Amino acid sequence: MFAFIVGGIFLALTGHSPIGTYGSLISHGYTSSKGITNTLGLATPLICTGLAAAFAFRMNLFNIGEEGQMYLGMIGSAWAGIALAGHLPHVLAVPTVLIIGAATGALWVLLPAILRAKLGTSEIVSTLLLNYVALNLVNYFIYGSRGFFRDPTTSFPQGRGVEETARFHRFGTSNTYPTVIIAVLLAVALYWFMKRSNFGYETSVFADSPNTARYAGMNATKLTLSVLLFSGALAGLAGAMYVVGPAGKVDPGLLQIGLGYAGIVVAALARYNFVAVVLTAILFAGLRVGGASLQISSNPVPIAIAVVLQGSVLLFALGGEIFRRNRLRIRRVQQVSVAS
Amino acid sequence: MSSASSEAAMGSHRLGGATLFALSARQVTKRFPGVLANDRVDFDLLPGEVHTLLGENGAGKSTLASVLCGLYKPDEGAVLRNGTQVRLTSPRHGLQNGIAMVHQHFRLVDRFTVAENVVLGHRNLPFRLRANDLEDQVAQVAERFGLPLDPRATVGELSAGQRQRVEIVKALYQGAEILLLDEPTALLAPPEVEKLFETVRAMTQAGKSVVFVSHKLGEVVDISDRVTVMRDGRVTGSVARGEADTRKLAELMVGRDIDLSPRRSRVAAQETLLQLDKVGLTKDGIERIANISLSVRAGEIVGIAGVSGNGQRELAEIVAGLQAPTSGEILINGARVNGIGTRKVREAGLAYVPEDRLGTGLAPSLSIVDNLVLTRDRGFLVDRKSALVEAEAFIKQLEIKTPHAHTATRKLSGGNSQKVLLAREIFGAGDNSRVLVVCSPTRGLDVGAVEAVHKLLDEARSSGKAVLLISEDLDEVLTLADKVLVLYRGSVVHEVAGHEVDVEAVGLAMAGLS
């Protein structure tokens, strides 16, 4: 709420009517049919990166590399879409592409995961640095070489298209693809799995108290490895969904929108709750879509406003979190002083 | 129930009314949101007196001490210093009136020297500090009260006992006439406790008064001239030395009869279930455990006594499979279990209650139900339904105080979380589990909870389990064990049957003097 007030101040300062702008932001982002489908389309990979971040956070592991894992997922799935899809029966083509994309995403986090599990190296730094490697890898494939991923039919640098069988059809004329259903189902399935399964139980024990996990004979190395790899796979899936959906190729356009980093923000806002990730991702994507369309309205508002709004949403949400915790702490101190 | 004794005590107060009390509380009431921490409390302290304020956790004794030293303002009632009312506004103000408190958790700057810590916060320091002068002054104060301290030592490098001395010297340096000590022996080794008592005697001889705030019956009570007992924010009795035994005091504290008398095996011990044969552990070139052999039979408790840090932790972790011994053999039910890992040791029949309840034995943020599943074989999906049934049964049987079975264990009191842990390890571990290793099970617990824990361990023994009790609390070992072993620097230096224990010999062995 405060975030919108701060955003409003910025709007007023730059000479726009806050209320009118918010009105059109909401209509372009959520309430118009074109707006909501655009939003859902953008939210689809964002849900996946959000789930990826939340999944690792659950075990106090900070995978900051969703961005890079997503690029690798895009590369891996594009390879599968080009090289394998033609040889596969129709129904298997899309799933194969998605799975291979997820697998390459997981592969990208394998090295940081092993370093973390075996040597305790900070996964924050290693995953973050690999983002830059991944970014340049994509650039190289498209701009730097005449390689496999580049479209051979034109001299314009763009990705080679995957087989038509390896792509989903959009819903009608919208920008939403069936992958959104997969993403939502995935979130619900993860929610259930982490709540009920032994794996979920062990991660929660480990996150709460590593000593207790050791006492109960849980294998910390195995848990760390599998959580990070799964997180990487989810991020890779985001890239794969981009390929089977709107892009259909290795598309450097993905590098511009920072869905990996946004996923971390979404996960933090959702307090690592998988179902909440879905809603937060949609909210966030709406701000983006609405913000983008404001640029081309009759009274153009810079996209920066949407970014300012995003930043302030995060800031105030985290600030609110601190207030919430502090209030708890004050109460606890009083109880202790009474008790002892 | 204790009105007779408390009236008698009040009577003696009135007799002493002619003398001037150094410090008194009159009808002090202090409320916190939802809690009445002090309810019309009276308290009197004579000059040169050692007075213990005894009560369980939450009885209100620390609140009263905080009121007396100026940390809290009473909602109602008054604090009297030498018979005149004082309105203390801060601990500093309390100090100006000669009242100082030493908190259980020391408030010292680790990187400063002893002398720097002592003069810290003193108002009338010269602008330019001359380290030598200060150090001499501090050394003088320390010497006068028999507190050996090097004023140049860095506080971070001192032992708990030495830090406590720094706190006391600090209070004395700032002119304290009345010293309130919160749980003063909690962190000290026995020789340090003796040193503390010498200091206290030196202080009382100089006319200063000392108040111990404690929840433990024991040494502190023994050297007090008077003991005032609190329960639920009220004073339940005040008795002079020699007027009441520990049992009576425990009753005043808890409000019911407490049985802390020795419990011994009532059945003949049977087959050997746990055996250690010449077990040793060398780590980083240091021998932590040296050549320990012992056996525990079904239906008996073997107690390991010793001062903390003499290999207790290592011994427990070796038996529990958390560490592999570097030499020797461990047999559970006749099967060798060296270094096969905690899960397999459990399968072989071991249950383990570690010293650190929350943070090792239990996952603090998880619920009681989830903590009961911790040591189970869980399969792919966790079965919380049966665990819930089990949790509710335990809550009822063991009178675990909790809102419900889904409450996080860290929200429980120490005694209640220990009950959860013991219940899981004793009753929840299956019929195959017949060896129980327990470490310091009553550390930090109330008298009532101690009784409950002892009863549980006794029940485990009677049900035919072999119990290895490793505890730094000698009284606990002597109360429960059928056989007592003393651990000193990683080896067993003394071994005696529980009913033949010579306390002095055990004490000497603990100090490494046998």
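I began with helix H13(A), residues 274-295, a DSSP run of type H or I with at least four residues. H13(A) has 22 residues and reaches 32 Å from first to last C-alpha, close to the 32 Å expected at 1.5 Å a residue, the expected span being 1.5 Å times one less than the number of residues. I found 16 of its 22 residues buried (20 or more other C-beta atoms within 10 Å of the residue's own, C-beta atoms being placed from the backbone).

I note that this is a predicted model, in which local features need pLDDT of at least 70 and side-chain atom pairs pLDDT 80 or more, while totals for chains, interfaces and linings use all residues. Residues are numbered from 1 along each chain as its sequence is written, and chains are lettered from A in the order in which they are written.

I next looked up the packing of H14(B) (414-426) and H15(B) (447-462): the angle is about 5 degrees and the axes lie 10 Å apart, the axes being lines fitted to C-alpha atoms over the stretch in contact, with angles from 0 to 180 degrees between N-to-C directions. H14(B) is therefore roughly parallel to H15(B) (under 35 degrees). Contact residues (C-beta atoms, placed from the backbone, within 7 Å) include Leu422(B) of H14(B) and Leu456(B) of H15(B).

I then turned to the largest nonpolar core, which has 251 residues (buried Ala, Val, Leu, Ile, Met, Phe, Trp, Tyr and Cys joined through C-beta atoms within 7 Å). Helix H10(A), residues 220-247, gives the most to this core, with 15 residues. Val97(A), among those with the most contacts inside the core, touches residues including Ala166(A) and Val243(A), not counting residues up to four places away in sequence.

Terms used: Helix = DSSP H or I, 4+ residues; strand = E, 2+ residues; numbered from the N terminus. Buried ≥ 20, exposed ≤ 12 C-beta atoms within 10 Å, placed from the backbone. Parallel < 35°, antiparallel > 145°, perpendicular 65-115°, else oblique. Contact = placed C-beta atoms within 7 Å.
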